[in-house]
Structures are given as C-alpha cells and as structure tokens.
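Reader: Could you walk me through a few backbone and packing details of this model?

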Amino acid sequence: MTDTFPDYDPALADRLDAVDPDEAAQRAAALRAGLDEYELEDEDLALLEGAAGAEDGITYLPALPVLAIVGRPNVGKSALVNRILGRREAVVEDVPGVTRDRVSYKAEWLGRRFTLVDTGGWEPDATGINAAVAAQAEVAVDLADAVLFVVDVNVGATSTDEHVVRMLRSAKKPVLLVANKADDPRSDFVASELWSLGLGEPHPVSALHGRGVADLLDEVMKVLPEVSAVAKEEVGGPRRVAILGRPNVGKSSLLNKAAGEERVVVNDLAGTTRDPVDEQVEIAGKVWRFVDTAGIRRRVHLQQGADFYASLRTSAALEKAEVAVVMLDVTEPISEQDVRIIELVLESGRALVLAFNKWDMLDDDRRRYLEREIEQDLAHVAWAPRINMSAKTGRHLEKLVPALEKALESWDTRIPTGKFNALLAELVAEHPHPVRGGRQPRILFGTQAATRPPTFVLFTTGFLDPGYRRFITRRLREIYGFDGSPIVVNMRVRERRQRK
C-alpha cells in the first residue's frame, strides 16, 4: 500500500478545537461500551480501566555524600568499585589506564546511600592524556567528602604514591588507605609497611575476592557525612539527557562547555571517553543530568575489551535517559553508523534532539551536500528538533535548552480519550481504510495507553495496513506537534463475541 493520503487540512485542527470535551468524553464512553460485544483479554480490560497517571513533579533531595577512589594506574580501583556496588559497572581490564574520566555511581552500605566516584590513575609527571587524567583525579578529590587511596600491596609504596599522598594532604579530606590485592592473611603483614605513608592504618582488602571490603566500608561510614558538604543539591527530577554519537564527534566537548568546566577528558584521539559520565549541569537556569557516553562503534560483536563493555553501557545509559542528543559531525557525510545510533534512540522510545556539531567549520559546498543527506537519510526523524552548533566554542549552545524542553514536553503529552476518538472519527471520514480481501477493517475505539513515549492503542476489527498507521501518526503530529518525541501506534484486533 502506498502512502497516498490527502494533504493536511488546517481546518481539521479547528474542528477538533471546537469539539466540546464533555460531549467527546460521552461519545468515547459509548464507543468503549461497544467494545463489550468483542472478545477482550485481561490486559485489554486493564488498559481500558485507565492509562498510567501523570508523573510526579520534581522533588529536591539532599545531596548524597561523595566517596572518591584514587590511586595510580592498575592498582584495582575499578575492581574495588564493582565490589562495592555488587555489580559489574566500571570497565575492568588487565591493562593500565582503562578508566580515563571520573565516573560516578550510586552505592549503598548499611542502609546509607552515597555517590562513589571512580577516577583514572593519577600520575604526578604525566603528559598528554595522562596529565588530563591526573587533573580529573584532583578534581574528583576536591568534590569528594572522603577519599579511598588505593595502593597495590604487592608493589608497596612507590614514589608516585608519595606524590599522591602530598596531593591528598593538601586537599584536607578524610582519607582511608586501602592496601588492595591482599588476597590472603600473609599479605596483611606486608600491608602494615604502608604505615610509612603517614595516612594512618592501612586497610588490607582483596577487591577481586571481596576480602576485607565489608570492614573497609564500615570504616568509611564513620567518616562520611550524612549529607554532602561539597556536592550540589541533588535534584530528584532533573531531566536525564544522554549525549550520543560516533567516536570523536564532540560529545565530551559539549558536556564540558555546558558545565562551564573541564569535567570530561577531551583528546583528539577518537574514543577517549570509555565510561558514561553522569554530571548534573545547570544551563539557562535549569538543572539537567547529562550522561556523556562512550562513542558507539559499529558491530559490537567484533569489539575488544573496554570498548565492548563501554558500548553495552552506552545502551544502558540510553535506557536511563529521558531524552537523547544525537551529535552529528557536519564536516563528514552522515554515515550508516549515525543512522544506526538514531535507530537505537527510536527503539528505546526516548525523546530525540539532533545536534549538528562543528557548524562553524562548514563551507558552502559541504552545506549543500549536507542538506541532501539530511533529506535522504534523516527524513524519518524530520520531527526531531535540530540545532546547528559548535560544542568547542559554545556557539548556539543556548538553543539546546529550548530544544530539550520541547522534546520532553512532547514526550510527556497526553491526549484525552474523547479528543483522540474525535480525531479518529475525522480521519476515517477523511480517508477510510481500503478494503482488503473483501473486508474493511474498522477502528472501534482508541486510547492513549501511556506517555514517555506517547503510545496509542487502537481496537480494530481487522489488521490496519502500516501505511494507514503512518497516516494516523502523521495527523497526530500535524495537529498536536509531538516535536522531538517518537509516537507508537499499536493495534489490538478483536473478534465479536459469539452469541450463545
């Protein structure tokens, strides 16, 4: 079936506006009563009893205390994070320097919740990317209420460790010295030699086997305040934004520019960001929670090690997000990979904003090709708000907030059942469904089953062609906007009850 439908008539919106809400609700109730003549399943009845209620508003929670984990590369910081969390979250590999940014996780011990911050290995004389990692570790300590300083018990205190101790002393934060890789009691004697660092009693643990970690956390609870003295007030409902895109498209630069500080390691090396980095950021007076994700690479099954796990967590970050900003590099052709990332967003049902980055580097020739590529490759997401920006310079960054707000407002939109059925009646009158196999499917009743994303269910007497469902979706957009939100239209084909 080809999508040959009448052009949109603006008078349709006027007619729907003129419909009396009470009358529309009564007509919808009559249509709903008519469904009782059809074979309905338990899940149909549950749906018809009422769609999900409105979401709670924003609530403000006290800031959770922050515990930072620092140490030189490959001493087992990420393994300790995973042990404390009780799940595999941080990327762990037997290669130094896999964790490059500070990455925060929510953790709990003895009924107390706190934020755990993993950091890249700290090297005092680092250059290049290692220097950036060291700076990140220092920032993490500045923003922490207490610090776990991890040392490899089998290596002992190194000159780098002594540098870290000096940095920690200057921070004037409570520090617990962790002697990791103490896999058996014999290691405890070796651990006692770490008293020489002047940070008090060493705590021998094995992050790999869990030995000593519970005792360590008991000690942590003694020094960690109930409410953070350094973290910003944590908002229970800042909208959650995932920043997605191919490696090196500028995701970390966008987060840093939005935050007004270097929060994420930025390097010309593609794929520098390995972990999603959760950060609360204020833009235009509003608080957002940004998740900067590792660049999605093609063909996950071919990936090795860290990139594989980071790619899996990118999908997890999308699941936690409400709206995705997909960044595209305008200096390069739109690729199959870009389209696949957008498909991931659509599959997840999240709101969508397209950010065309590096716009300041665009010349006239490339601009012409780009418009053609957008027409060809992104026609299916023409409804997504689009901003042309430069993450590096911050140009047009202020346009991001209205785009996010518009997408989220659409994602949250609910259409009253009476209005939706009035629209369906208009659409069927405007363009009835074609006859198929001698029968014409009828729409008996429609309701919006959910928001986030807006999900509509149509009870029908037969299967509606995909093209006809696209027609309904298009009219929903033309009348109600839904800019930035996918729309889901599901069908439930039901037979009339057999009369006994």
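Here are some questions and answers on the chain.

Author: Happy to; this is a predicted model, where local features need pLDDT of at least 70, side-chain atom pairs count only at pLDDT 80 or more, and totals for chains, interfaces and linings use all residues. Residues are numbered from 1 along each chain as its sequence is written, and side-chain values use heavy atoms, with hydrogens and water left out.

Reader: How are α1 and α14 oriented to each other?

Author: The axes of α1 (residues 11-18) and α14 (residues 417-430) come within 10 Å and cross at roughly 140 degrees. Angles under 35 degrees count as roughly parallel, over 145 as roughly antiparallel, 65 to 115 as roughly perpendicular and the rest as oblique. The two helices α1 and α14 are therefore oblique.

Reader: Which residues of α1 make the contact with α14?

Author: Contact here means heavy atoms within 4.5 Å. On the α14 side, it involves K419, A422, L423, E426, L427 and E430. From α1 come L12, R15, L16 and D17.

Reader: Is L110 buried or exposed?

Author: L110 sits in the loop between β3 (103-109) and β4 (112-118), and its phi is near 55 degrees, a positive value in a residue other than glycine. Buried means under 20% relative accessible area, exposed over 50% and partly exposed in between (1.4 Å probe, protein chains only). At a relative accessible area of 62%, L110 is exposed.

Reader: Which residue does a cis peptide bond join to R452?

Author: Most peptide bonds are trans. In the cis bond at R452, omega is about 0 degrees.

Conventions: Axes fitted to C-alpha atoms, helices over the stretch in contact; angles between N-to-C directions. Helix = DSSP H or I, 4+ residues; strand = E, 2+ residues; numbered from the N terminus.
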